[in-house]
Amino acid sequence: MSSAGYADLRSWLNPRFVRFWLLLLLIVYTLGGFLLLPRIVQQQLPVQSQSLLNRTATVEAVTFNPFTLQLHATGFRLADSKDVGDNATLAAADKLHINLQLRSLLSFAIVLGDLELAQPTVYLTRKAGGETNIGQLIAELDADAASKNQGPDTQQQNEPLRLIIDRLRIADGAIVIEDRTLEESFSTRIEPVTISLDDFSTLPDGSGAQLIGISTEDGSQIDVDGQLAVNPLQATGRVTLTGSPLGIVHRYLRENLNFEFDDCCLDGAFDYDVRLTEGGQLRASIEGADLSLRDVVVRSIDSEHSDREIVSVPELRLSGGRLQWPENTLSIDAVAFSEPVLHVWSEANGELNLTGLVAEQSADAGSDNDESNQNEPDNKSQVANDDPLTVSIGKLQISGMQADFIDYSLAAPAPIGLQNAQLTISNISTRSDSNATLELTAKTGSGGTIGLAGDLSVSPTVTAALTFQLDEFALSALQPWAAEAATVTVAGGSLSLNGRLRADANGLRVERTAATIAKLQVNDARGNEKLAGWQRLQVADISLATKERRIGIGDIKLNAPFGKLQINRDGSTNFSNLTKPATDENRDDSAADAPPYRVRVGQSVVSDGRLDFSDDSLPLPFSALITEFGGTVSAFASDSGDLSSLDLSGKVGDFGQSRVTGEVNLIDPTRNADIKAEFRNVSMPETSPYTVEFVGRKIAEGKLDLDLRYQFENRKVKGDNDVTLRDFKLGEKVPHDDAMDLPLGLAVGLLRDVDGVIKMDLKVSGDLDDPSFSARNLILKAFANLITRVAATPFKLLGALVPELGSDNANRIGFDPGSAVVLPPAQEQLQQIAVALDKRPDLLLRVPGGTDAELDTAALQAASGTVSVTPAQLAELGSRRQQALIETLRNYGIADERLTPGGDSANAGPDGLVELELGIEVN
């Protein structure tokens with residue numbers, strides 16, 4: 001080296017020269033930048049992070065180029081806990097690159113040309129106690145800030161750090177979410193997360209463009225494209241969602257959900273605007289939100305019908321959504337469901353599948369967070385808005401909906417449902433002064449139609465004022481429930497109704513409702529024979545008020561009802577075994593404590609009814625047809641003691657007639673009733689099966705008239721049965737083990753008058769609470785007593801026909817001893833008997849001819865002066881007495897064919913006379 005070179009070198013190393021200090025400064029700057037600054041960063045990062053965040057941050061390696069002002073760091077990690085022994089991570093990054101700009105000196109701000117973060121990862125963890133790691137960190141920072149802001153400079157406002165970032169890039173980021181409070185720990189990884197931010201600035205009125213992209217593990221993507229300013233805060237832009245994150249949400253909530261969830265995709269977008277106003281109030285809004293969710297399927301699990309579809313929605317579309325805060329308003333122009341399908345069923349235990357979709361939470365759920373909630377900062381009210389969210393929807397529309405219901409508690413469950421349901425609800429709002437309009441039309445699965453329209457509101461309570469209409473709903477759809485209650489088949493019939501309903505704080509009210517059930521036919525399922533039904537049932541003005549527990553039914557018109565009543569060979573009827581015993585496994589006993597409903601029913605009118613009656617339990621099968629049945633039943637009320645009047649009539653057989661009139665308490669007939677039943681011109685031969693069972697005789701001819709009156713008072717019954725038989729003739733005998741042995745022929749002859757009419761009055765009475773009470777047995781007993789009494793005392797009946805005859809000893813004719821002369825009193829007696837016989841043309845008079853051995857022998861001895869009287873003499877006297885009686889009766893108009901000689905006994909009577917007893921026989 002030349003001397004000049006050494007001189008130059010010495011001048012650079014000479015402290016007296018400025019260039020020495022410049023060189024020294026450059027060396028120090030270079031060594032500090034390359035060597036010292038990275039070491040300081042590595043040493044101070046844990047200390048400062050612990051001071052600021054109560055968490056330890058570390059970095060594996062740091063490099064800094066003091067000439068390009070570029071900093072590189074690798075292996076960054078922020079601990080999840082302030083506890084030194086906890087190795088969990090809150091955040092981490094593989095690489096960090098920062099390019100500091102020299103213009104920072106001129107801008108009086110930190111200017112970064114580039115800030116690049118590679119593969120950062122944030123761990124969000126919900127721990128076993130229910131607290132999240134981020135929540136715990138924020139709570140600790142808030143507590144530290146509150147303790148530091150208690151000094152005199154509390155009111156001083158801190159200006160934000162002056163920072164400018166030309167280009168901020170976060171690449172291949174990830175967010176790891178884990179919940180350890182669940183029985184089966186949940187975790188998901190959201191990646192890649194990419195963030196691109198240009199011209200970011202914290203300087204006043206500085207703003208920059210931002211792009212954010214977030215992908216989930218199931219392929220859904222969230223993209224944000226907008227502008228961001230922080231001084232003052234303002235963020236605007238558009239968020240776009242493709243794919244669907246609902247699968248991850250369902251997996252997270254699966255522990256509390258009893259259904260499986262599938263969907264194709266969830267696409268949506270909205271514009272956002274978040275800013276801080278001059279008054280320091282944060283305002284946020286979302287505009288133009290559009291959302292489309294497609295191919296949604298919800299399936300059941302943990303039930304008897306697991307993996308069965310509950311809901312499927314080909315498309316759910318939300319359009320025109322707007323959210324305003326702090327106004328707390330959410331408005332949506334339209335929500336549309338396209339061709340959804342809903343399957344509802346009741347399990348065997350009676351529980352609906354919809355009620356168990358979300359698992360019940362325990363009573364102490366969330367208690368783990370009570371302590372943390374109490375530690376929230378007092379200034380929360382400055383940020384949050386406690387007003388309830390006001391929601392409004394311009395139009396909710398469901399088109400082409402299919403729905404069905406199956407009750408699996410039934411022995412033979414079958415679906416009942418709706419088809420092509422169209423539902424539109426307009427102007428839905430949670431505001432108390434808002435009314436929505438509803439319109440629903442649908443077809444039932446059995447061919448009928450349903451309509452529903454009106455107004456409703458949801459705040460402050462749910463209220464509705466709707467009109468409804470159901471046309472020609474096929475009642476056969478109710479067969480599964482009918483079969484559960486009885487062995488019947490609903491073979492035909494349709495229900496139509498229309499009216500109004502109102503629901504509000506006063507309960508449910510149904511008003512001005514009319515119902516028609518047309519062409520009902522119910523068959524006996526055991527033989528598929530027609531059992532009951534009608535052509536048309538019309539009910540007017542039906543009303544229901546649940547709060548007042550009141551039911552009102554207007555006038556009822558029943559046209560062409562029919563029924564079949566059959567008594568089987570064993571005595572049972574076709575109705576007796578129809579009903580099935582009810583089970584009380586699912587009975588709600590609370591309903592038993594509620595007061596009964598008050599029921600009011602208007603006048604009922606029945607026309608053109610028909611009843612087919614048959615009895616196979618008799619020795620001879622019997623059948624009868626009652627047609628043209630009709631009449632009226634007046635109005636009644638369950639809370640009134642007034643009786644309802646009855647006036648019903650019908651045709652019995654070919655030429656018979658029946659009529660029922662009277663008054664009755666329809667709620668409890670046995671408490672108070674006075675009922676009269678009239679039967680006219682009923683053909684008696686058709687009743688032969690009953691007479692054979694009772695008395696072992698057929699009826700050859702005759703017509704029957706009945707006048708029945710039954711009075712009930714406090715379950716005590718009194719009955720008058722006036723029976724009139726015209727042109728009555730007994731038929732042949734038919735042996736029957738249970739038939740009563742009655743002198744029916746004699747009784748008929750005694751009772752039948754000259755016009756061929758028999759009248760009987762059978763009175764019965766009894767107590768319905770007596771276990772042995774039987775109306776049939778009472779009537780039969782009264783009939784048997786009448787027949788026996790009449791046959792046993794025939795002349796008592798004749799005495800009743802001819803009062804002059806008298807009833808005492810009317811059949812005893814007195815003769816003087818030894819004489820055959822009919823005495824004047826006896827002549828009068830025989831004359832009255834002749835009059836009585838004339839009133840009973842079927843009777844024959846048996847005329848005796850006897851003598852009294854003692855009185856007649858003494859008289860004959862005295863008259864002849866002889867000591868002995870021969871039997872021949874006594875027999876001759878008896879014969880003359882018989883002839884004398886016959887001759888006297890002939891003289892009083894009794895034909896010879898009605899006089900039958902018979903009997904030879906005589907007895908000593910009063911006044912020393914010899915009495916002969918006349919007898920009665922039947923022709």
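Phenylalanine 405 has a relative accessibility of 24% and therefore counts as partly exposed. The structure is a predicted model. This briefing covers its aromatic rings, a surface patch and some backbone details.

**Aromatic rings**
- A search of the whole structure finds 1 aromatic pair.
- The pair consists of phenylalanine 405 and tryptophan 481, and it is stacked because the ring centres are 6.3 Å apart and the planes meet at 10 degrees.
- Phenylalanine 405 belongs to strand S18 (residues 390-407) and tryptophan 481 to helix H7 (residues 479-485), so the pair ties together parts that are 76 residues apart in sequence.
- Tryptophan 481 counts as partly exposed, at 28% relative accessibility.
- Elsewhere, lysine 530 lies over the face of phenylalanine 562, at 4.9 Å from the ring centre.

**Nonpolar surface patch**
- Leu26, Ile27, Tyr29, Leu31, Phe34, Leu35 and Phe67 form a nonpolar patch on the surface, and together they have about 680 Å² of accessible area.
- Phenylalanine 34 lies in helix H2 (residues 18-53) and counts as partly exposed at 39% relative accessibility.

**Cis peptide bonds**
- The bond from glutamate 191 to proline 192 is cis, with omega near -5 degrees; proline 192 is in strand S8 (residues 186-201).
- The bond from tryptophan 325 to proline 326 is also cis, with omega near 15 degrees; proline 326 is in the loop between strand S15 (309-325) and strand S16 (329-338).

**Positive phi values**
- Aspartate 199, a residue other than glycine, has a positive phi near 60 degrees; this aspartate 199 lies in strand S8 and is partly exposed, with a relative accessible area of 48%.
- Lysine 519 has a positive phi near 55 degrees; lysine 519 lies in strand S24 (residues 507-524) and counts as exposed at 56% relative accessibility.

Definitions and conventions: Residues numbered from 1 in each chain as written. Predicted model: local features only at pLDDT ≥ 70, side-chain atom pairs only at ≥ 80, totals over all residues. Heavy atoms only, no water. Phe/Tyr/Trp six-rings, centres within 6.5 Å; stacked < 30°, edge-to-face > 60°. Helix = DSSP H or I, 4+ residues; strand = E, 2+ residues; numbered from the N terminus. Buried < 20%, exposed > 50% of the residue type's maximum accessible area, 1.4 Å probe, protein only. Lys NZ or Arg CZ within 6 Å of the ring centre and 35° of its normal. Patch = residues over 30% accessible without salt bridge, like charges linked within 9 Å, V, L, I, M, F, W, Y side chains within 5 Å. Areas by Shrake-Rupley, 256 points an atom, 1.4 Å probe, with all protein chains shown as cover. Salt bridge = Lys/Arg side-chain N within 4 Å of Asp/Glu carboxyl O.
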